[in-house]
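Dear colleague,

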Amino acid sequence: MKCIISITATLLLSAAAWGQEFAVSSNILQYANMLTLNAEASISVSKHFSFDAGALYNPFKFKAGEDRHQINRRQRAFYGGVRYWPWHVYSGWWMAGRGQYQEYNFGGIAKLETNEGDRYGAGLSLGYSYMLTPFLNIEMGAGFWSGVDRYRVYACPVCGETLKEGKKFFILPDNILLALSFLF
């Protein structure tokens, strides 16, 4: 019996000391971006640094307007990076850098033209993490990313007529977030 109590106490005390080393979060604003599904996982590696990796996915097509034309905001994106926390990991201000890849198909929103392609590059962002409870944070932040975009422009979302294609440098806003983060 003493052995079971000792093992249980050891596990509980080590779990309490081990807390807040991992986080899983989801950006609420991405759901407003035509229901883009997203998730991020993070692990703290020291008092001031954490590594994160995440993905965005939107397979949805919508019909809009009187002519019921198709609108797209489809994408698959993957990223990984590092955050610096001046005070403590998962609390207060943070600065981040990350590498990112995005496969996209956007169009039919402002005009019928549809852009499709692959982007890869790097980004920087700043933000703040506010502790709601010991295991729940809300994060706010914004940043940008830049890199190379290999693209094609089509006349409409479904016709397949190519208007132009090429490769270009881009700078875009990125990591605009209002996220809920669960800490373990």
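Leaving aside its neighbours within four places in sequence, which residues is Y84 in contact with? Y84 is in contact with H48, F49, W93, W94 and M95, where contact means heavy atoms within 4.5 Å.

Before going on, please keep in mind that this is a predicted model, in which local features need pLDDT of at least 70 and side-chain atom pairs count only at pLDDT 80 or more, while totals for chains, interfaces and linings use all residues. Residues are numbered from 1 along each chain as its sequence is written, and side-chain values use heavy atoms, with hydrogens and water left out.

Y84 belongs to strand β5; strands (E, at least two residues) and helices (H or I, at least four) are DSSP runs, numbered from the N terminus. Its relative accessible area of 30% makes Y84 partly exposed, because buried means under 20%, exposed over 50% and partly exposed in between, with a 1.4 Å probe and protein chains only. Y84 and F49 are 35 residues apart in sequence, yet their C-alpha atoms are 4.8 Å apart in space.

R83 is also found in strand β5, which covers residues 69-84, but R83 counts as buried, at 5% relative accessibility. Its side chain makes a polar contact with the side chain of E139 at 3.1 Å. A polar contact is a pair of N or O atoms within 3.5 Å; within protein, one must be able to donate a hydrogen and the other to accept it, and residues adjacent in sequence count only if both atoms are side-chain atoms.

Strand β2 (residues 37-44) holds S42, which is buried, with a relative accessible area of 11%. The side chain of S42 reaches the backbone oxygen of F51 at 3.3 Å. In a regular strand the side chains alternate between the two faces of the sheet. In β2, the covered face has N38, E40, S42 and S44, whereas L37, A39, A41 and I43 make up the uncovered one.

β2 pairs with β1 in the antiparallel sense over four bridges, and two strands are said to pair if DSSP finds at least two bridges between them. Eight bridges join β2 to strand β3 (residues 49-58), again antiparallel, and a hairpin of four residues links β2 to β3. I43 has F51 as its bridge partner in β3.

What did the search of the whole structure find? It found two cavities of 30 Å³ or more. On a 1 Å grid over the protein atoms alone, a cavity is a set of points where a 1.4 Å probe fits but cannot get out, and lining residues have an atom within 4 Å of a point. Grid points are joined across faces, edges and corners, and a volume is the space filled by probe spheres set on the points.

The largest cavity has a volume of about 90 Å³, and of the 13 residues that line it, the closest to its centre are A96, G97, R98, S125 and N175. The second largest cavity has a volume of about 40 Å³, and its lining includes S42 and R83, together with E40 and E139 among others. The elements that give two or more residues to this second lining are β1 (22-27) and β2.

With best wishes

How values were computed. 1 Å grid on protein atoms, 1.4 Å probe; cavity = no way out; pocket = protein on both sides within 12 Å on 5 of 7 lines; lining within 4 Å.
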